Structure formats: structure tokens, C-alpha cells
Amino acid sequence: MNDAPRIRSWMLWLPLAAFAGFVVLVMVGLLRPADREVASAMIGKPLPPFDLRPAIPERPGLSRKDFAGGKPRLLNIFASWCIPCAVESSQLDALAKQGVEIDGIAIRDRREDVAAFLARNGNPFARIGADDVSAVQMAIGSSGVPETFVIDGRGVIRYQHIGEIRAGQVPLILRKLKEAEQ
Amino acid sequence: MIAEFGLAALWLAAALAALQFLAGSLGFTVRGGALGSVVRPAAMVQGVLALTAFAALIVLFCRTDLSVKLVAMNSHSAKPFIYKLAGTWGNHEGSMLLWVTVMGLAGAFVAAVERRLPEPTMLATLAGQAFVSLGFYAFLLFSSNPFERLDPVPAEGQGLNPLLQDIGLAFHPPTLYLGYVGLSIAFSFAIGALITREVGPAFARAMRPWVLGAWIFLTIGITAGSYWAYYELGWGGWWFWDPVENASLMPWLAATALLHSASVLAARNALRVWTVMLGVVAFSMSMVGTFLVRSGILTSVHAFAVDPERGTFILALLAINIGGALTLFALRAASVTEGERFAVVSREGALVFNNVMLSAILGIVLFGTLYPLLAEALGAKVSVGPPYFNPMSALFAVPMLLVMAVGPLLRWRRDSFARIRASLAIPAALTMLAAIGLAIRVQIGVLPFLGLALAIGLAVASLLPLKGCDFRRTPLPVWGMVIAHLGIAVALFGMASESAFTVEKLVAARVGETTPVGPWNVKLVGIEPVAGPNWTALEGEMHASYRGGAPATIHPQARFFWAPPQQTSESALLTRWNGQLYVVLGEETGDGRWQLRLWWKPFAPLIWLGGLLIGLGGVLALLGRVASDLRRIVARGKIAYRRQRQGR
């Protein structure tokens, strides 16, 4: 019979100590106000050339040269079939009321659906391009709807917001627009 | 109506869990003794109510009731029926509801059938189970209500992530959940045993079928998940050390260790403290895994909606459940007597060694999974991958596999190597031969080399316990052990061969061109558009011929789903007995050529065949245990009946 080393009582607390370490580590990770979002590889790069037909008759289409006006603009990627897009519409309206110029790109959508969506949720857009095969969406590094880009006056992508803009995030968008002025 | 009905059932189930917890806890005291009789019925009704709530959610998904927010966010009327059904658990809220449902049903089942343990231990166990459930009920009801309504009702739903629209994946999460949550029973048994200081063979025997059952589901779930990632993601790999994969591997490692140490406790009344700790750790790993996935704290391809509030809630649950259990362990384990002693060279000794090795691998996987967090806390963004995990786990896996070959041949209590030397000569010689052959014939890495050589010896060694046995009288658990160990050898061979001999080709091919890959010649015959119920795709037609033989036609696809818009690749696989051809269709390059990725993976399917064998071994062992339990119950019933008649 071997003499297995006796378990000492302090050893029994080791699992708990290890677990406490885990909790502390995770708390630090959870509470840290870090930017968890994967930054688009396109940030800091100019928009690629594109020219989209109008998504609805009431607004003009959208092309690369519309972003060379010298003033920062928001570019919102949306679709009528997207529920978070409807959720963020009031935030976009609020931004538009504060004088922010917003352009939209409707992804894989039909004319009448877009019109119905805008009639229901308001239309904050100056121009709306129709991207029927997600070509422009892919080219600017967007992987889903909704997403919102801050484009500076020279057509360079400065910020990418993934997911809907929530009410608390309006100041963040305004700040990013301000930063894009410099 | 159905949504409100489901929500009501969920609240009632939570209330019964509260009752079960209170009655179970008070049932100890002299005055509360009568309350103890409430506990078992409460557990059973709670299980039924949780199932009712889950069934209500299934109905809502099958009908695509878009007035329910969860359905609108995760389903779409144009989706095939099977994925509407699978959508029920293919999201955060639904999967948490599935979690409490499985916990409730498992608790109900224990309450209904388990009669071997002393009643106070059962009360403590069921109270513990109810306490853990209660936390998850609170999480569902206060922070993840699956039955929330949406106003106004949207015209159409958002759709299910196309990657999840696959028949294999439809049943992957429920399988894993049965495994994760089945371990909660082991956890509760450990709590009950610690509270009443009844850590002994009876505890191990009561716990073992649950660990086995959970372990079978985990094994099959991990195997299926790995195969799914292999053919659906189109990367040609089968294991990525992704945090979520690790989240399922860690409970499996702990459960494997627990299974073996519970056998020692049941058979020999040794390893008491260690077994009870593993009982706590196994389910803790399930909860930690769930937390890592659900909080989005680690970046992963699997992450559901990232939400810090939910993360904090689950972390609080973790801290209470695991922290509480480990505190109880620290306080009580010292008073658990050590149990029987044994020699180093003995069946127990081998099992202890493998337990320690499994725990070490568990520690390595846990550390590697958390390392990015640790590094981020120190200010760097990193991720660790195969260069860390593979050699570090092999460091402990290789000695473990060696002992696994020997252990089943050793006797309990004490033995000597001299006795089994002759039986081990054949596998040892085969391993040596394989090693020499490989060293001369091919240039491969150290790990695949070790894997191939070991796998061959291990496969033979795993069959040795059957030597000289009458096959018809060999108990099922022995068959189970042999088949599971053989499965390890088979999977190991597949892994090593895949890593050593895979041939990869990335080409841009025109229609009509032929690409050689390994022993195959693959000709691109044409590209056609095709459409499914909720996707369109470009489908390649290719003729693949093995060593100039008759060509077989394969059809890899690049699919585009429109709700939500996302591209997936459906790889084409061609399986032979000695390997698999794997073809992925990529983008058009512009000048009429198509990107193709082709792999020839010798013996790769053995990886999953091995996984299935391991699971099958578990099933046989479980059948054997349950059958002998039933026989015992029947025999006891007969004795009691006879006594009764004699008494008259």
C-alpha cells in the first residue's frame, strides 16, 4: 500500500481560489468600456467608386461623387425587411432634425417595399441608392443591416457603426461626425 | 394566446422550483420533516411545466407567429419547416428555455426513479437542482423572456442565420444541451452528498448513469459539431480551438475524468474527495462554457447576440452556483474520509494517473481559452491557436494514451507489470514497427508521427481486455469500455493522418480544365445557377476520378441566402474507405475562371467514426448499468413481496 500524500485542508480551497480568479478576470473584461466591435478594414480609406439607381422615385440615386461635398455625411445601410432598421428610424430622424445629412443604401429591396417602409417609419434620407446584389455593401466592408458609416467631406470612411443606432448612441454618432470635420 | 400560456407555464415552473428548493431545504429540520414529501412531486410537476412552456414556443415558431418578438427576429415565413422548428433553439432565449426544460425533466426523472440514496441526501440533491434551475428561470423571466410580444406586428421575420440552416446543425445544440445539462444532475448529487456527508459507493452508483448519459450526448454533440464545421464552413479544417468548441470540450474532459473516478468510487470506495470535486467541476465547466458563449466576452464565430447585461446576469449565477458549491466542497471535503488505499501499479493507480492527465488538459484548454482575456486585461489583443493547444495538450495526452493501453489490463488494488508484459508485447511491437516504417518512408511532423504510431498499438491494446473472454458472457460495460477506447485510437489515427498527409490545391480553373489533387483528377464541367426555398446558388458540376477510375459527379455550391443576406459555401465531399475528397467552389475571377479549393484528406472520416465509436461505447456501458439496476430493483421487489407473504 502506498502512502498517498494526505490532502491538506488548505488545498481544498484551491478550486474556489481559482474560480475567484476567473470571476475577477471576467468582471474586468465585462466592465471595461472597450470597443469590442471589429473595426472595418475600410476605415481611413476612401469610398470605392459606385453609382446606384434611385431606390424610390422621390429621391435621387447615390454615387461616390455625392460624398465629395466637403461636409461629413452619414451613410446608412438598411432594408425594408430588416426589423432593427425600423427600430433605429427614430434615431435617424433625430439626427436629421439636428441638421445631419444622411444618405441611404437599400439592400436587396423592391421599390414598393422601400416606399412602404419609409412611409411607415419616416424618411430621413437625402438620397437613396438601391443595391440589388449587395455589391456596394460588400465593397465598403459592411456585412449586415443596419450599419451606419460616417463619411468625411472628401469621401473617406471615418467610422463604422454595426447594428442599429440606439437612443443612447446618438451623441456618439454626433461626436464621430464632429471628429470627421477635422 | 399561446405565448401567454407558455409564459404562465414558465412562471409556474419557476414557482414550483422555489417550492422544491424551500421544501427540500426545510425537509432536514425536525419541524420541516413533513415538507420533505412535497419535494419529489414538485420536481416532477416542474419538469412537465417547463416542457409545456418549451412546447408552446415550438408551436409559435412552427406557425411563424410574427407577433412574438423572438419569432420575428429569428424566423421567416419562407423558411423550410424543419428550420422553423430548429429556429426555436437557434437563438439565445429559446436555447435558455431548452436549458431549463432539460434541467427540469432530468430533475423530474431523478425524483421519480432514484430510490437508492438515503432520503435526506435525495432531499438535498433535489433542493440543489431546484436552486440552480431557479437562477436560470430568473434569467429567462427577467432578462430573456422568449414570449415577449411585438407591437406593431412586422410583415415579415428576420430569418435564421443561414449557417444554421443545415440539418446537422438543427439537432446539434439540443444534443450538446442534453450533455451540458445532464451534468447538472451530477452536480446536484455532489451537493447532496457533501451536505449530508454521504460520499460513498452508493453516491457514485446513483450519479454514474447520469454522467454516462450526459457524456454520450456531449461526445456525439462534439463529433457532429466538428463534422458540421468541417463541411459547412468550407475551410477544410475540423477543429479550430474556437472558444465555443473549447466550451464543449472542457465539460467533456471533466465528465470523462468523472466517469472514470466514479467507477473507482463505485467499485472500490476510493477517490472520494476527487470524485465529488469532479462532480462539481463538470457542470461548472458547462456553465462557464455557456457564459463565455452568451456574454460575447470572447470573440467567436458562435457568439449569439452580445449583451453585457446578460453577461453580468449569467456571471452572477455562476458566482452563486459554482462559488457556493466550491465553498461547500472546501468546508466539507476535509471531513470526507479518504476511502480505500491502493498500490501505484493497479487499476486504480492507472485511473488516477489518467484523471490527473485529463485534468491537466482541461486546465490547458481553459487557460488557452481565457488567455485573450488575460492579455487584454494587461493591454494586448491576442488570440492563441493550434500552435499553443496542440503541443501543450499532446504533452499530457501522450502519457495518458500509453496508460490507457495498460490500465484496463491491470487488476484492482495491486498488480505488477510482469504479469501483463506478455499481453502488451504485440501492441508495443506494432507501435515500434509503425514508428520505424514512418520514420523511413515519410517526412511528417512530430505530433502526427506520434499519433499514427500510437494509434496502431492503442487499437490493438484496447481489444486485449476481451482476450480469453466468453463474448456472450462479457458484461456490457466491458464491451463499452473496449469500444470507447478503440474509438479513441480510431479518431487519433484519423486526426494524425489528416494532419500528416492532407494535400491542398487552390486553383483558378476554366470550365473544361482538370486539376490533379493527390490521387484524384477533378474536372470542372460547368457552372449553373440553382435555387432553393430561401436561397439562390451557383452550382459547379465536376467529375472526380480516383487514380484514373470511373469519374463520380460532385456539386459544390456557393449559396446566397436573402433573409438575412449571407453567403455560405456548400462543399462537396466524396468519401472512400481511405479518405475524403473535399471541394469548395469560390468566386469567379473575372476572366471566366473560377476559384476552386480542393483537398484530399487520407483517412479523415476516421476522426468522426472514432467519435461515434466512443459514443457507442458509452451507450453500451449505460445499457449495461441500467439493466443491472433494473434487475436489482426487480430482485429487491421479489424479496420484499416474499417477506410480506411470509409475514402473513
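Helices (H or I, at least four residues) and strands (E, at least two) are DSSP runs, numbered from the N terminus. The model is predicted, so that local features need pLDDT of at least 70 and side-chain atom pairs count only at pLDDT 80 or more, while totals for chains, interfaces and linings use all residues. Residues are numbered from 1 along each chain as its sequence is written, and chains are lettered from A, with ligands numbered from 1, in the order in which they are written.

**Exercise 1.** State in which order the elements of chain A run.

Solution. Chain A holds five helices and seven strands. Read from the N terminus, its elements follow the order α-β-β-β-α-β-α-β-α-β-β-α.

**Exercise 2.** Determine whether Leu271(B) is buried or exposed.

Solution. Begin with the backbone: Leu271(B) is not a glycine, yet has a positive phi of about 60°. Most residues other than glycine have a negative phi. Finally, apply the cut-offs, by which a residue is buried if 20 or more other C-beta atoms, placed from the backbone, lie within 10 Å of its own, exposed if 12 or fewer, and partly exposed in between. Leu271(B) has 25 other C-beta atoms within 10 Å and is therefore buried.

**Exercise 3.** Determine whether Arg547(B) is buried or exposed.

Solution. Arg547(B), also a residue other than glycine, has a positive phi near 45°, and its place is the loop between β4 (535-546) and β5 (552-554) of chain B. With 8 other C-beta atoms within 10 Å, Arg547(B) is exposed.
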